[in-house]
Amino acid sequence: MALSAKLQLKQTQSLVMTPQLLQSIRLLQFTQAELERFVDEEVERNPLLERGESASEDVGEPVRESEAAVAREAGDDWFGNEADLSAQTISDRLDSSLENLFPDDPGRSERLDPALSTQWKSAAGGAGGGSESFDLEDLAAAPVTLRDHVGEQIAFAFTQPQERLIAAELADGLDEAGYLRTDPAEAAERLGADPASVAAVLSRCQGFDPPGLFARDLAECLSIQLRARDRLDPAMQALLAHLDLLARRDFQSLKRLCGVDEEDLLDMLAEIRGLDPRPGLAFSGGPSEAIVADVEVRPASDGGWAVELNPDALPRVLVDQSYFAIVSGRARDQAEKDFLGECLQSANWLARSLDQRARTILKVASEIVRQQDAFLAHGVRHLRPLNLRTVADAIGMHESTVSRATANKYMLTPRGVFEMRYFFTAAIAASDAGESHSSEAVRERIRELIDAEQAAHILSDDTIVDLLRKEGVDIARRTVAKYREGMNIPSSVQRRREKRALAGIKG
């Protein structure tokens with residue numbers, strides 16, 4: 001066999017994951033907040049990028065800016081230097097005296113104070129006439145934290161430095177729910193204080209507002225609140241000592257342990273439900289961020305549905321070509337030209353990627369609306385089974401692209417705001433060989449059956465299976481139990497015990 005070097009040509013196709021392709025994939029699965037942050041970073045980094053306003057704000061904006069510029073030029077022409085505005089100067093230019101023009105204020109001072117003029121311009125600018133915007137959030141008070149709230153009460157409740165030190169140490173052991181996670185004995189050891197003094201300080205701290213703070217467990221938290229309401233009687237203490245029975249809804253045992261009848265037990269349970277098991281959460285965290293829908297769905301005039309992108313969820317960027325032409329002509333060396341070329345390429349890529357992202361989301365959302373038309377018209381009972389592959393095949397995209405386009409995206413519909421993943425549900429076969437059912441619709445039907453049951457006729461999981469099969473849903477008992485537990489619905493035994501107690505049925 002001859003060994004020799006040969007030159008061959010071979011044509012192959014392969015997918016090369018360039019950095020820009022990877023960034024486009026990331027861009028598609030970004031949430032609205034993540035996308036805003038990414039665009040802001042790119043605008044700050046790239047001198048050829050600018051943030052564009054929404055389409056509704058673009059119309060007429062250049063006219064207003066040019067009118068403002070003309071007004072400023074006319075004002076400068078007419079009045080000249082603002083610091084040199086005397087009463088005589090104004091009278092001469094307006095060809096009249098100030099008494100005729102401003103009878104309430106004819107100008108008592110010969111010259112306007114430049115400092116006052118500057119202050120007035122600053123105040124007027126805040127109202128919309130200046131270059132700097134005025135944000136009311138700058139004047140809003142900072143949210144009060146749990147630590148600040150407790151610290152204020154410590155300052156008024158304790159006068160001795162040692163007691164304040166102990167109270168501050170205990171306050172540092174509070175979690176976000178207001179529970180004390182520090183062992184008082186360990187706190188006493190760390191501070192070198194008497195355990196009795198620490199216990200006395202803790203007892204006074206447990207009287208802080210809101211009631212329930214500094215509790216070491218749920219029972220103590222509830223007892224503090226009941227004590228503040230003067231409702232911590234022996235029967236209630238017995239109930240709090242057996243919260244495990246309450247969780248299991250063993251009302252018969254609770255009546256025996258508390259020594260009360262059914263009516264009194266129902267009143268006690270109503271009081272327990274009115275308490276706050278996590279009093280410290282009122283001071284935790286900042287303001288909640290509202291969900292911004294990426295897509296809006298409205299009824300159309302032809303009886304269908306109009307699917308539109310939400311302009312508030314789409315950041316716009318502008319590529320400044322004129323600025324690029326100016327600065328590229330003044331580049332001093334090849335390095336500067338390469339940098340500007342890279343910036344222009346990156347800016348154009350970002351603009352195209354944002355446009356492609358918007359088109360992809362709109363395309364996927366339109367197909368979801370087409371598939372789930374019955375849900376939008378009639379409700380969750382008519383939600384159809386749907387998976388990513390069905391949508392991907394219908395619009396000619398890859399399944400992974402549809403997955404990224406629906407991740408953490410929201411759709412505003414006449415029935416509320418839903419995550420786009422909500423419309424993808426598993427299929428449950430029909431018992432009569434008909435069309436399959438959506439798992440979400442089956443869950444809703446199970447909830448309706450349980451909500452409608454009577455205390456004397458509680459539906460077991462087997463009974464629910466039989467009822468669903470009569471309605472054409474072929475479902476197993478374990479599936480019913482899984483759906484019921486996923487909706488936090490107790491078993492039939494627990495529901496029977498609870499509903500019979502609430503209805504006052506004995507036995």
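**A walk through the predicted chain**

P210 sits in the loop between helix 11 (195–205) and helix 12 (218–228). The peptide bond that joins D209 to P210 is cis, with omega at about -5°. Most peptide bonds are trans, and most residues other than glycine have a negative phi.

First, a word on confidence. This is a predicted model. The protein chain has a mean pLDDT of 79, and 77% of its residues reach 70 or more. Two stretches call for caution. Over residues 55–85 the pLDDT is below 50, and beyond near neighbours in sequence this stretch has 20 contacts in the model. Residues 98–132 also have pLDDT below 50; here the contacts beyond near neighbours in sequence come to 26. Where pLDDT is low, the predicted coordinates should not be read in detail.

Now turn to the strands. Strand 2 (residues 295–299) and strand 3 (residues 305–309) run antiparallel, joined by five bridges. Together they form a hairpin with five residues between the strands. Within that hairpin, G303 takes a positive phi near 95°. Follow the pairing residue by residue. V297 stands opposite V307 in strand 3. V295 stands opposite L309, also in strand 3.

Strand 2 has a further partner. It pairs with strand 5 (residues 410–413) in the parallel sense, over two bridges. What is the bridge partner of V295 in strand 5? It is M411.

Is N408 buried, partly exposed or exposed? N408 counts as partly exposed because its relative accessibility is 40%.

N488 is a residue other than glycine, and its phi is near 60°. Where does N488 lie? It is in the loop between helix 24 (477–486) and helix 25 (492–503). N488 counts as exposed, because its relative accessibility is 70%.

Note on methods. Residues are numbered from 1 along each chain as its sequence is written. This is a predicted model: local features need pLDDT of at least 70, side-chain atom pairs count only at pLDDT 80 or more; totals for chains, interfaces and linings use all residues. Side-chain values use heavy atoms; hydrogens and water are left out. pLDDT is the predictor's confidence in each residue, from 0 to 100. Contact means heavy atoms within 4.5 Å. Two strands pair if DSSP finds at least two bridges between them. Helices (H or I, at least four residues) and strands (E, at least two) are DSSP runs, numbered from the N terminus. Buried means under 20% relative accessible area, exposed over 50%, partly exposed in between (1.4 Å probe, protein chains only).
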